[in-house]
Amino acid sequence: MDASLEKIADPTLAEMGKNLKEAMKMLEDSQRRTEEENGKKLSSGDIPGPLQGSGQDMVSILQLVQNLMHGDEDEEPQNARIQNIGEQGHIALLGHSLGAYISTLDKEKLRKLTTRILSDTTLWLCRIFRYENGCAYFHEEEREGLAKICRLAIHSRYEDFVVDGFNVLYNKKPVIYLSAAARPGLGQYLCNQLGLPFPCLSRVPCNTMFGSQHQMDVALLEKLIKDDIERGKLPLLLVANAGTAAVGHTDKIGRLRELCEQYGIWLHVEGVNLATLALGYVSSSVLAATKCDSMTLTPGPWLGLPAVPAVTLYKHDDPALTLVAGLTSNKPADKLRALPLWLSLQYLGLDGIVERIKHACQLSQRLQESLKKVNHIKILVEDELSSPVVVFRFFQELPGSDPVLKAVPAPNMAPSAVGRERHSCDALNRWLGEQLKQLVPVSGLTVMDLEVEGVCVRFSPLMTAAVLGTRGEDVDQLVACIESRLPVLTCTLQLREEFKQEVTGTAGLLHVDDPNWPGIGVVRYEHANDDKNSLKLDPEGEKIHAGLLKKLNELESDLTFKMGPEYKSMKSCIYIGMASDDVDVSELVETIAVTGREIEENSRLLENMTEVVRKGIQEAQVQLQKANEERLLEEGVLRQIPVVGSVLNWFSPVQPSQKGRTFNLTAGSLESTEHTYVYKVQDTGVTPPQTPSGTRTKQRLPGQKPFKRSLRGSDALSETSSVSHIEDLEKMEHLSGGPEQEALEANSPEQRPGAPTPQEVEQTGAFQNRAQGPEDDHPQMRRPGSRELRLTQPVNSHL
């Protein structure tokens with residue numbers, strides 16, 4: 001542009017062009033610097049703190065990971081299960097690091113190494129678990145292997161599926177059969193992964209008359225298969241259980257395999273009992289799984305190996321179909337999934353693998369044999385000789401009633417009674433399971449709710465023992481904890497009905513049925529303004545229950561009390577916990593009722609005190625003003641003149657009448673004090689309402705806690721000594737009344753020097769709020785339990 005400017009003849013135009021160029025350059029440079037600065041500020045502000053700068057050292061990064069794993073030091077430690085990672089666990093973790101390193105090798109070496117790792121691991125697993133000539137698919141998600149197997153079955157049964165796709169399925173819908181005892185969500189997962197509608201799932205019920213109630217009903221399954229064939233559907237796949245997810249029962253796999261061969265159905269088996277295939281003795285039902293089309297194994301929890309994939313073993317002769325179904329892959333990264341398991345199996349060896357599985361089965365047998373000797377514990381075991389899962393529950397037969405917690409209720413019992421007993425015992429078993437989990441965390445217990453039996457506790461050491469390091473001593477400790485909690489459970493269950501009857505028969509109390517509360521029961525105090533038909537929050541009732549909870553906790557009894565909303569509404573209730581010993585339910589209920597009434601009356605007295613006192617003062621002012629006017633009319637006008645009045649009073653004195661006013665706070669009445677000053681005795685007036693008190697107030701023995709039956713149990717005193725001790729206490733109280741009365745008489749105004757005269761009392765003109773007590777000036781002039789405001793002169797308006 002400089003050369004073009006030089007060609008311009010006019011110097012003025014050339015100078016103007018030069019100045020314009022310089023100005024434009026200055027503006028462009030300024031804009032460029034602004035954009036660069038804004039870019040730096042934007043980039044530094046958008047990048048998170050840990051990524052800014054030149055990076056962090058390894059120690060800082062590992063410290064951050066440790067803080068994220070274990071939490072901050074200020075946080076309270078949580079009682080979480082800590083996995084026992086031994087050397088075999090470190091080997092498995094090392095496999096993931098080696099896998100990342102191996103993936104950097106050249107393609108040829110990587111192909112040979114991954115092929116060797118995959119073939120070795122497949123061969124070892126097939127030999128250990130007796131599955132001959134099988135292939136293996138390694139996957140992180142445990143259900144993923146079954147989804148791939150379903151794809152393989154679809155490709156095998158529908159030859160045109162690759163070409164026509166879902167049109168083939170529409171013409172002949174596939175059916176996948178699942179047991180009613182299958183793990184929750186399995187059917188929905190398969191439909192989502194395969195893109196099938198939910199009608200393609202067929203739920204096979206379990207046995208109801210013969211055999212285990214957690215086994216698939218084979219006869220009903222055959223009927224379902226025939227019906228589906230008649231409707232034009234294609235029975236595709238059956239999922240059998242070798243150890244159900246809930247109680248560990250095994251289906252009749254041998255009979256199911258014959259049925260699948262008859263109708264051309266793919267048979268897949270899964271379950272924790274497949275681990276016993278590695279042992280020398282295997283039950284016939286589990287051994288039949290070795291002849292199925294596929295099975296899913298989870299060696300990670302069985303052997304205590306962290307981050308180890310699950311394995312699906314299957315048999316199929318067409319490599320092309322397995323590749324299409326996704327069971328095989330040419331990617332080295334997919335083959336390297338077997339590396340952690342390849343290293344761990346070599347480290348453990350066959351003896352180590354068998355020893356861990358055998359140890360878990362021995363723990364189950366040990367617990368099962370111990371629980372057989374414990375009363376009120378029922379065990380749900382399919383095979384007492386080889387079951388690796390123990391499920392148990394608490395039950396008790398009450399005198400004169402049907403057994404509690406029976407699987408099938410008696411036909412003569414009402415549905416409401418059956419549901420009530422079921423919910424009550426479910427709450428107790430849930431409490432027992434949570435207690436055992438806290439006391440023996442290494443046991444790995446699980447609390448579950450079964451459809452027929454109710455809430456039970458499951459001990460499955462095959463899934464937890466190797467991870468948590470459970471030992472035989474831990475099983476013995478678990479049994480000891482169960483025995484120590486049984487008295488609490490039995491006592492609580494026996495007192496529940498008695499508590500309900502007592503609460504129902506007590507005025508002002510309402511029994512609340514809460515199926516989730518494991519204690520003696522739930523009670524709600526009904527105050528005067530309680531709307532029984534409303535389910536909304538009641539502020540007044542919440543205040544009364546808060547005070548009631550405080551009073552009950554101050555009694556220092558063995559029972560636990562808590563406050564919370566009602567089961568079906570927002571109203572507050574008092575929840576009474578477990579009973580560790582024989583409890584006097586009548587005394588407990590009566591104490592709750594009496595304490596609730598006292599709190600309600602005290603709260604109403606405090607709420608109305610201000611208004612009552614204000615009205616009483618106003619009335620007293622009016623009456624005293626009227627009395628002064630009457631006194632002026634009675635004495636005359638001359639007596640009110642200062643000099644003349646003094647002379648008249650000296651010649652003809654006037655006897656003044658004392659007409660003060662007494663305001664009774666309890667009765668809420670305004671009375672004259674003339675009778676009090678004349679007879680030196682306070683008028684009884686209207687008797688105030690009595691403070692509620694218990695009708696069964698009993699004398700407690702020294703050291704006896706509230707709500708305890710003193711004459712029951714081996715540790716209680718004999719009846720004769722208890723009665724004699726109570727009589728002695730009553731005599732001491734009777735004798736103590738004499739000296740107290742003499743002390744009151746000695747403090748009377750007639751005998752005590754310096755007592756104020758009635759005139760002096762009237763001239764004070766102050767409020768006197770007096771309560772009963774030995775320090776009062778005139779204790780015999782006051783009705784017991786009354787409080788008064790005594791007014792003898794008009795009150796100033798500002799008061």
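Colleague: Okay, which residue's side chain meets that of Lys 372 in a salt bridge?

Modeller: Keep in mind that this is a predicted model. Side chains of opposite charge can pair when their charged atoms come close. Here the N to O distance is 3.5 Å, and a salt bridge needs the two atoms within 4 Å, so the pair counts. The partner of Lys 372 is Glu 369.

Colleague: Is Glu 369 buried, partly exposed or exposed?

Modeller: Buried means under 20% relative accessible area and exposed means over 50%. Glu 369 has a relative accessible area of 40%, so it falls in between. That makes Glu 369 partly exposed.

Colleague: How many salt bridges does a search of the whole structure find?

Modeller: One of them joins Glu 142 and Arg 183, with the closest N and O atoms 3.4 Å apart. Those two sit in distant parts of the chain, with Glu 142 in the loop between β1 and α6 and Arg 183 in the loop between β2 and α9. Searching the whole structure gives a total of 14.

Colleague: Which residue is linked in a network of salt bridges with Glu 142 and Arg 183?

Modeller: Start from Glu 142, which is partly exposed at 34% relative accessibility. Its bridge to Arg 183 belongs to a network.

Colleague: Which helix holds both Glu 222 and Lys 226?

Modeller: These two form a salt bridge, their closest N and O atoms being 3.8 Å apart. They are four residues apart, about one turn of the helix. An α-helix has 3.6 residues a turn, so residues three or four places apart point the same way. The helix holding both is α10.

Colleague: What about Asp 251: which side chain of opposite charge is nearest to it?

Modeller: Asp 251 sits in the loop between β4 and α11. It's buried yet has no salt bridge. A polar atom of its side chain does lie 3.0 Å from the backbone nitrogen of Met 216. As for opposite charge, the nearest side chain is 9.2 Å away and belongs to Lys 252.

Colleague: How far apart in space are Ile 149 and Thr 322, C-alpha to C-alpha?

Modeller: Ile 149 lies in helix α6, and it's buried, with a relative accessible area of 0%. Its contacts include Leu 237, Trp 266 and Leu 327. Thr 322 is 173 residues away in sequence, but the C-alpha distance in space is 8.9 Å.

Colleague: Last one: what share of the chain's residues is buried?

Modeller: The chain has 799 residues, and its secondary structure comes to 26 helices and 19 strands. A residue needs under 20% relative accessible area to count as buried. Across the chain, the buried share is 41%.

Key. Residues numbered from 1 in each chain as written. Predicted model: local features only at pLDDT ≥ 70, side-chain atom pairs only at ≥ 80, totals over all residues. Heavy atoms only, no water. Buried < 20%, exposed > 50% of the residue type's maximum accessible area, 1.4 Å probe, protein only. Lys, Arg positive; Asp, Glu negative; His and termini not counted. Polar contact = N/O pair within 3.5 Å; in protein donor to acceptor, adjacent residues only side chain to side chain. Contact = heavy atoms within 4.5 Å.
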